[in-house]
Amino acid sequence: MVAVADTGSRLSDTEARIMRRVTWRLIPFLILCYFVAYLDRVNLSFASLEMNADLGITASQYGLGAGLFFLTYFLCEIPSNLLLHRFGATRWIARIMVSWGLCAMGMAFIDGPNSFYIVRLLLGAAEAGFYPGVLFFLTLWFPAAYRSRMLGMFIAAIPISGILGSPLSGALLGLDGWFGLHGWQWLYIIEAIPALILAPFVVLVLQDSPAQARWLDAPDRDWLMACLNDERKAIEAKRKYSVVQTLANPWVLFLAATYFTNVCLLNGITFFLPQIVKGFGLTNLQTGFVVALPSLLALVGLIWWGRRSDAHGERYGHAAFANALGGAALLVAMLVDNPVAKVAALSLAFACTLAFTAPFWAIPGSFLTGAAAAGGIGAISALGVSGGFVAPWIVGQLHDVTGDFRIPLGLFACIAMAMSIPFYFVGSRRARALAHAAARSV
């Protein structure tokens with residue numbers, strides 16, 4: 001049996017060298033791909049600063065359109081992840097990138113609420129499976145002891161898209177009138193092109209498993225494959241789930257419910273933050289730079305929290321604390337009126353909400369393998385991501401009625417804090433029980 005982080009210095013040196021090489025080969029490219037994906041998903045928040053007025057879209061219609069993306073995303077996510085497992089991650093991820101690039105570009109040609117709804121539905125279906133597909137892909141390459149930090153590095157694409165994408169999106173709105181198109185149309189067109197360019201490189205840079213990695217020496221490939229195989233056997237020795245059993249598993253559904261509260265927080269902040277900040281009286285470009293500040297804090301917090309989770313070998317407490325603190329910070333942001341204090345609280349809320357994801361997504365791989373892992377990760381993501389439909393729609397509806405973002409965002413903050421309590425206690429009890437069972441089997 002191959003050990004990870006063994007006390008033998010020779011093995012530790014080998015392990016460090018192999019994992020460093022795998023990390024540098026896979027993670028930067030995956031970050032780049034997800035950066036483009038997330039930018040194409042949420043550039044709507046900046047386009048709305050001009051698009052809504054040009055097309056006569058109300059806040060409730062905007063919220064509905066923003067949320068409809070997640071409706072088809074939800075419906076297609078599990079089938080997409082199962083097809084990814086069947087046909088291979090690299091080909092399927094490349095297909096997804098071409099589909100979403102074309103649909104994202106199509107957003108430039110909407111002419112009212114109905115076409116807005118249709119293209120958002122198509123974009124959700126096109127992008128479905130990318131995020132959970134990569135999460136599953138990482139379980140095929142990284143032992144459990146490394147997953148939280150790798151997930152944190154991958155998910156860092158979200159704050160990076162805010163740091164770089166927010167000023168870029170604000171600047172692209174300044175192209176208004178160029179070749180007869182609005183600035184928000186150029187925003188959609190220009191930011192969709194990278195997905196189409198990157199798609200062919202997916203099959204060149206990525207491989208479906210270490211067995212196909214010719215850029216690793218044969219002994220290194222054998223070590224990594226043996227390590228991952230030993231972990232898979234250890235998990236399946238406790239219980240091996242079928243896809244059907246996984247989709248009906250109460251613990252999978254509980255994880256999905258917890259993730260739902262996090263997604264509501266994240267999308268409540270993401271889709272309406274530019275509108276909140278511009279309400280301070282800033283220009284589009286100034287808004288872009290201010291909105292980048294929460295992403296800068298989130299980038300640091302996300303990577304640090306993922307590394308801390310791996311170092312302590314603990315997932316549930318790290319995830320629960322981040323989600324609860326994120327909810328508390330958002331609640332504070334809704335209660336204060338000072339612009340500096342509001343941006344500071346929103347920055348902390350965004351950072352904590354994202355920091356939750358690194359330890360959280362290390363959990364499914366601790367009890368699921370193979371097709372069950374693909375289906376389970378897809379199910380948790382799909383059911384949780386339905387919060388991406390609920391949050392923008394409710395925020396938009398209540399904003400039209402009250403003229404205020406505080407009530408709906410405060411509601412989501414309280415729900416996230418409340419859900420974090422049972423998640424921590426039930427999850428920690430389950431983790432201790434599994435650890436005890438593993439110790440008895442040795």
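Trainee: What sits over the ring of W92?
Mentor: The charged end of R95 does, 4.5 Å from the ring centre. Keep in mind that this is a predicted model.

Trainee: And which residue lies over the face of F87?
Mentor: That one is R86, at 5.7 Å from the centre of the ring.

Trainee: Ok, rings with rings now. How many aromatic pairs does the structure hold?
Mentor: It holds 29 aromatic pairs. One of them is F116 with Y117, where the ring centres are 6.0 Å apart and the planes meet at 35°, so the pair is tilted.

Trainee: Is F116 buried or exposed?
Mentor: F116 has a relative accessibility of 0%, so it counts as buried. Y117 also counts as buried, at 16%, because the cut-off is under 20%.

Trainee: What about F360 and F423, how are their rings placed?
Mentor: Their centres lie 6.2 Å apart with the planes at 40°, so this pair is tilted as well. F360 belongs to helix α16 (residues 357–360) and F423 to helix α19 (residues 406–441). The two are 63 residues apart, and the pair links distant parts of the chain. Both F360 and F423 are buried.

Trainee: Changing topic. How many helices and strands are there in the chain?
Mentor: There are 19 helices and zero strands.

Trainee: Let's take α7. What span should it have, and what does it have?
Mentor: Helix α7 covers residues 144–155, which makes 12 residues. At 1.5 Å a residue it should span 16 Å, and its end C-alpha atoms are 17 Å apart, which agrees.

Trainee: How many residues of α7 are buried?
Mentor: Nine of the 12, so α7 is largely enclosed by the rest of the structure. Among the buried ones are Y146, R147, M150, L151 and F154.

Trainee: Now loops. Where is F179, and what is its phi?
Mentor: F179 is in the loop between α8 (157–172) and α9 (183–205). Its phi is near 50°, a positive value in a residue other than glycine. Most residues other than glycine have a negative phi.

Trainee: Is F179 buried or exposed?
Mentor: F179 has a relative accessible area of 67%, so it is exposed.

Trainee: And G279, where does that sit?
Mentor: G279 is in the loop between α12 (250–278) and α13 (284–312). With a relative accessible area of 62%, G279 is exposed.

Trainee: What share of the residues is buried?
Mentor: Buried residues make up 57% of the 442. Of the contacts with a separation of 6 or more, 82% come from residues 24 or more positions apart.

Note on methods:
Residues are numbered from 1 along each chain as its sequence is written. This is a predicted model: local features need pLDDT of at least 70, side-chain atom pairs count only at pLDDT 80 or more; totals for chains, interfaces and linings use all residues. Side-chain values use heavy atoms; hydrogens and water are left out. Helices (H or I, at least four residues) and strands (E, at least two) are DSSP runs, numbered from the N terminus. The expected span of a helix is 1.5 Å times one less than its number of residues. Buried means under 20% relative accessible area, exposed over 50%, partly exposed in between (1.4 Å probe, protein chains only). Rings of Phe, Tyr and Trp (its six-membered ring) pair if their centres lie within 6.5 Å; planes under 30 degrees apart count as stacked, over 60 as edge-to-face and the rest as tilted. A charge sits over a ring if NZ of Lys or CZ of Arg is within 6 Å of the ring centre and within 35 degrees of the ring normal. Contact means heavy atoms within 4.5 Å.
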